[in-house]
Amino acid sequence: MAALLKRLLRADPRAVALGHSVGCREASLGPDPGATVRVRFAPSPTGFLHLGGLRTALYNYIFAKKHQGSFILRLEDTDQSRLVPRAAENIEDMLEWAGIPPDESPRRGGPAGPYIQSQRLALYAQASDALLKSGAAYPCFCSPQRLELLKKEALRNRQTPRYDNRCRNLSQAQVAQKLAMDPKPAIRFRLEEAAPAFQDLVYGWTQHEVASVEGDPVILKSDGFPTYHLACVVDDHHMNISHVLRGSEWLVSTSKHLLLYQALGWQPPQFAHLPLLLNRDGSKLSKRQKDIFLEHFAAAGFLPEALLDIITNCGSGFAENQMGRTLPELITQFDLTRITCHSALLDLEKLPEFNRLHLQRLVSNETQRPQLVEKLQTLVKEAFGNQLQDKDVLDPAYLERIILLRQGHISRLQDLLSPVYSYLWTRPAVHRSQLGIDSEKVDVIVKRLLGLLGRSGLNLTQDVVNRELKKLSEGLEDTKYSSVMKLLRMTLSGQLQGPPVAEMMVSLGPKEVQERIQKVLSSQGENT
């Protein structure tokens with residue numbers, strides 16, 4: 001770079017004027033007919049993937065799939081000091097978990113790789129050299145100490161900190177002198193006074209006169225790493241990105257990026273800036289909120305389908321908000337023109353209800369149900385371990401029966417591990433003195449129940465059991481049906497509350513019900 005700068009000293013630093021109009025095409029409300037759609041999700045691996053990032057990735061994914069395009073994952077890791085271990089792997093892992101895997105990525109590869117910015121430094125150096133040659137950029141020798149003083153002075157005067165463009169007007173002799181002492185200066189881009197207007201696909205016609213409020217930005221740091229502004233322009237160009245769907249916080253920077261496109265002689269993509277995803281109280285999602293990371297939701301048993309559903313339900317881009325949409329339905333119904341400028345308020349208290357709907361859909365799908373059975377089996381082993389008194393509770397047929405009976409009543413499979421369902425996995429310790437009914441009547445009720453269970457050819461369904469239980473309580477003087485149900489509930493589960501008794505009996509099966517009844521009866525001797 002130093003050699004290039006010395007050669008440039010012999011040329012007119014403003015040899016190439018930047019006054020021509022920007023090459024931005026007239027933005028349409030969607031891709032041009034027959035045009036190839038390529039979009040990218042470009043997070044920084046300075047943290048794990050959270051709901052805000054998932055929403056940006058999802059909108060890019062469904063836009064690409066709706067238009068038979070490609071969804072690209074690019075990791076912007078140029079700020080090496082803030083990288084978080086495993087964050088890069090986590091981002092791609094979570095996209096795959098969510099069911100929106102990239103078509104091209106660091107892991108998958110692709111024709112426009114590499115997909116990690118720290119491996120693309122040569123491209124940024126080439127672009128920086130081109131800007132230096134044209135006079136659109138210049139070397140900056142200001143020390144970090146001077147820049148910090150400028151910032152403090154502006155804040156003291158209640159002004160927005162900005163670079164004073166001091167090095168923009170250095171003479172050739174001054175540059176040569178400074179290069180001798182500092183051969184690796186930062187490179188800054190000359191902001192033009194007339195920033196181009198552009199038509200954002202969400203916010204409409206927009207223009208920001210960045211030169212009036214900002215100093216010339218650094219585009220290449222002295223260590224050879226680019227800043228976001230240069231890197232995203234260079235990468236979007238070389239990766240043939242057709243549409244940039246990113247957060248609205250970058251809207252004010254787009255005019256700056258268009259100036260870079262113009263200076264490099266490249267055609268810019270179309271831009272669509274997505275409104276922010278906020279907490280229910282209007283506060284900004286923050287990485288300090290531990291409960292917004294996808295790993296948290298996955299570990300807690302929430303389904304990716306529910307997360308995709310709720311983050312699109314609270315925003316815009318669809319004709320109407322409705323719960324229970326699947327990813328194929330989101331792709332079909334998505335309409336970029338329906339995205340509004342209003343921030344989306346996310347109410348995570350509603351997530352369990354979203355999850356209940358999607359869990360019920362999975363349970364009803366015979367091809368997907370075995371995966372739920374296997375997951376529940378793992379959860380039961382982890383939760384109860386050596387407490388499991390009967391390995392039959394891990395039998396897939398038993399687990400499937402429980403899932404089918406409880407569908408629509410639980411939000412997550414983990415709910416089945418709560419104390420109210422402990423009877424499904426371990427036998428309760430119940431003494432007949434806890435049943436609240438005279439011992440002689442207990443014997444009568446139990447004898448009738450055992451007779452019911454021993455009846456040959458009886459199809460043990462909830463309807464049949466309910467009908468037989470009502471018959472069972474008939475003829476018992478001074479004993480209400482509710483008292484009989486309380487007795488049976490306590491016998492089977494050791495609890496006063498829970499699912500209907502008939503469901504308990506169907507869940508446990510005739511053999512297990514008989515054994516639990518016999519166990520309670522055998523406790524008589526201990527009470528006498």
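Q: Which elements make a right-handed β-α-β unit here?
A: Strand β8, helix α9 (residues 254-264) and strand β9 make that right-handed unit, where helices (H or I, at least four residues) and strands (E, at least two) are DSSP runs numbered from the N terminus. A crossover is right-handed if, with the strands pointing away from the viewer, the path from the first strand over the helix to the second runs clockwise. This is a predicted model, in which local features need pLDDT of at least 70, side-chain atom pairs count only at pLDDT 80 or more, and totals for chains, interfaces and linings use all residues. Residues are numbered from 1 along each chain as its sequence is written, and side-chain values use heavy atoms, with hydrogens and water left out.

Q: And in what sense do β8 and β9 pair?
A: β8 and β9 (residues 270-274) pair in the parallel sense over five bridges, and two strands pair if DSSP finds at least two bridges between them.

Q: Which residue in β9 is the bridge partner of Val244?
A: The bridge partner of Val244 in β9 is Phe271.

Q: Is β8 mostly covered or uncovered?
A: β8 (residues 243-247) is mostly covered, with five of its five residues buried; buried means under 20% relative accessible area, exposed over 50%, and partly exposed in between (1.4 Å probe, protein chains only).

Q: Switching topic, what is phi of Asn240?
A: Phi of Asn240 is near 55°, a positive value in a residue other than glycine, and Asn240 lies in the loop between α8 (228-238) and β8.

Q: Where is Pro114?
A: Pro114 sits in the loop between α3 (87-97) and α4 (121-134), and a cis peptide bond, with omega about 0°, joins Gly113 to Pro114.
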